[in-house]
Amino acid sequence: METAEEVQKVVFESGEAAAMVEELRGSYRSGKTRSYEWRVSQLKKLEKITEFHEQEIVEALRSDLSKPETESFVQEIGMLKSACKLAIKNLKSWMKPEMAKTSMTTFPSSAEIVSEPLGVVLVISAWNYPFLLSLDPVVGAIAAGNAVVLKPSELAPATSSLLAKLLGEYMDSSSVRVVEGAVAETSALLEQKWDKICYTGNGRVGRIVMASAAKHLTPVLLELGGKCPVVVDSGINLQVASRRIIAGKWGCNNGQACVSPDHIITTKEFASKLVDALKSELDNFYGKNPLQSKDLSRIVNSNHYDRLTKLLDEDKVSGKVIHGGERDKSNLRIAPTILLDVPQDSLIMQEEIFGPLLPIITVDKIEDSFELITSGTKPLAAYLFTNNQKLKDHFVGNVSAGGLLINDTTLHLAVPTLPFGGVGESGMGAYHGKFSFEAFSHKKAVVYRGFFGDAAVRYPPYTKGNLTILKALVGGSLLGIIRALFGWSKA
C-alpha cells in the first residue's frame, strides 16, 4: 500500500509541477514582480529570515553536516545577509536604464539598455552550503523581478525542511515557491519550461540539467567545481600561508566546498618545510585528535564517506599518507589528511576530491606547476602563494579558472564587486552582487526616434548617389558625409 508521501510524489510528477509553473507564470504576467516595491519587500523578508532565525539555521546545518556555528554564520548566514543588504541598497540604480551612445546612422536618436526580468526561474541548490547556495541565487532572481522556484538538496534534509517552512511563512507564495524532494521531484521540475535554470553541484548532474534545458532553449547558470590547485612558492611567510590553506580547505566544511584547495603543487626542495608548517598549524587548530574536534564538519553521508575512503585506500595512494588518515565511519568523520607525491594517474588526482584529503604534488621548478594546471580541465578557483611579481603576472595571464586568488584561498567569494562563476567544465555564467541581478535579467536594447530627420536615401529607388551617402553614414566619417552630400570626390 502506498504511503501518503508516495502518493504526493506521484501527484507532483504527474502534473503538479506543470500546474505550479503555470500559476507562477500567471503571477509574473500580472506584472507584480516587476515593481521596485515588490522586489524590495521580498528582499527585506529574506533578510529578516537571517536575522530572526539564525539559531534555527545553525541547528539545521549542524544536523545536516555537523557544521561549526562560526562557519555557519560567517560562510552562510552572514554572506546571505550581506547579499540582501547590497541588493536592497543598490536595487534602484541596478534597475535604472543605462544610457547608450548612438551612431550617425540613426541620427537623430537616443538609446538605452533596459534590464528586464526573464520570467519564471528555477534554482536547484547543493548540499554543502545548503542555506547560502539555496538563497543567494534567489536574491538575484528576486532583485531582477522574476518569479522563482527553489529546489533545495535532499542530502541536507534539515536545511531543506527549514527553507520550505521559512519561505512559506515569509515570502509571497504567488511568486516564490519551494519544492522539496529528490530525483523524482527534480526530474519533474526539469521537464517544465523555465526562463532560466541555476544549478549548483557536480558536472554529471550539470549535464543532465543542461540537456533538459536545451529541449526548451532555456539558458542555464551552472556552478560546478573542479580540482582547485594551490601553487606554493618558496620565500613566503610559511605560517600565514599554511593557516590560509587550512582555512580554505578544512575550515570550509572540511573540504566539502567547490572552491576549497583540491591539491598543492610545490617544489621538491620546499615540500618538507611546507608539510611541517601544515602539520603544526593543523595541531594548533584541531588538536591531536581531530576526530573529536567540534570545529570540523563531518562527511555529509555514507556514500560520500565511502567515496573518499576509496580514494584513500587505492594501492598506489595508501602509502603516501604523511599526516592524518584517521577515520570514524559510525560518525562519518575523516581527519585532515595530507598525502605526498601521489601518482598523477591515481583516482585522487583524476576527480574532484571534495573532502578532507589534501595531496601535495612536487615539481623541480615552481614554473612547472603551470603546465600541470593548464593540462587539465579549468578549475573553479586557483591559488598562488608567492612574493615573486613575475610569477604572479604569469599566473594571472596564463591560468584559466573561474577565479584566482594570490596569497590566500577562497576569500574572493566575499568580494561582492567580483563575479563568481566557472569556466569550461567548472561551470558557465556568474553571479554575486550586481552580477546576480544581471544573471537573471535580459539586457533589452531600446532606440528612440522622432519623426524629424527622415532620410530619403534609405528608401527605394536606390541610386548610386544614395549609396555613396549611405556608405559615408555607415563609415561614420563626418567629412565623408559632407563629401557625399555635395558630390565631392576624395582628393
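**Close-up 1. Asn253 in the loop between α9 and β9 (263–267).** In this predicted model, Asn253 is found in the loop that runs between α9 and β9 (263–267), and its phi is positive, at about 60°, although the residue is not a glycine. Asn253 has a relative accessibility of 0% and therefore counts as buried.

**Close-up 2. Thr410 in the loop between β16 (403–406) and β17 (420–421).** Thr410, which is not a glycine, also has a positive phi, here of about 65°. With a relative accessibility of 13%, Thr410 falls under the 20% limit and so counts as buried. Thr410 is also one of the residues that lie nearest the centre of the second largest pocket, which is the subject of the next view.

**Close-up 3. The second largest pocket, with a volume of about 470 Å³.** The lining of this pocket is made up of 25 residues, and those nearest its centre are Gln75, Met79, Tyr129, Cys252 and Thr410. Three helices, α4 (69–95), α5 (132–143) and α9 (238–249), each supply at least two residues of the lining, and α4 gives the most, with 5 residues. Sorted by class, the lining of the second largest pocket holds 14 nonpolar, 8 polar and 3 charged residues.

**Close-up 4. The cis peptide bond between Phe107 and Pro108.** The bond that joins Phe107 and Pro108 is cis, with an omega of about -5°, and Pro108 is placed in the loop between β1 (98–100) and β2 (110–117).

**Close-up 5. The cis peptide bond from Pro460 to Pro461.** Here two prolines are joined by a cis bond whose omega is near 0°, and Pro461 belongs to the loop between β20 (441–448) and α16 (464–475).

**Close-up 6. The largest cavity, with a volume of about 50 Å³.** The model has 2 cavities of 30 Å³ or more, and the largest is lined by Gly226, Lys249, Gly255, Ala257, Ser260, Pro261, Asp262, Glu352, Ile353, Phe354 and Gly355. By class, the lining of the largest cavity comprises 4 nonpolar, 4 polar and 3 charged residues.

**Close-up 7. The second largest cavity, with about 30 Å³ of space.** Around the second largest cavity stand Asn254, Pro290, Leu291, Leu296, Ser297, Arg333, Ile334 and Ala335. This lining consists of 5 nonpolar residues, 2 polar residues and 1 charged residue.

How values were computed: Residues are numbered from 1 along each chain as its sequence is written. This is a predicted model: local features need pLDDT of at least 70, side-chain atom pairs count only at pLDDT 80 or more; totals for chains, interfaces and linings use all residues. Side-chain values use heavy atoms; hydrogens and water are left out. On a 1 Å grid over the protein atoms alone, a cavity is a set of points where a 1.4 Å probe fits but cannot get out, and a pocket is an open set with protein on both sides within 12 Å along at least five of seven lines; lining residues have an atom within 4 Å of a point. Grid points are joined across faces, edges and corners, and a volume is the space filled by probe spheres set on the points. Helices (H or I, at least four residues) and strands (E, at least two) are DSSP runs, numbered from the N terminus. Ala, Val, Leu, Ile, Met, Phe, Trp, Tyr, Cys and Pro count as nonpolar, Asp, Glu, Lys and Arg as charged, and the others, Gly among them, as polar. Buried means under 20% relative accessible area, exposed over 50%, partly exposed in between (1.4 Å probe, protein chains only).
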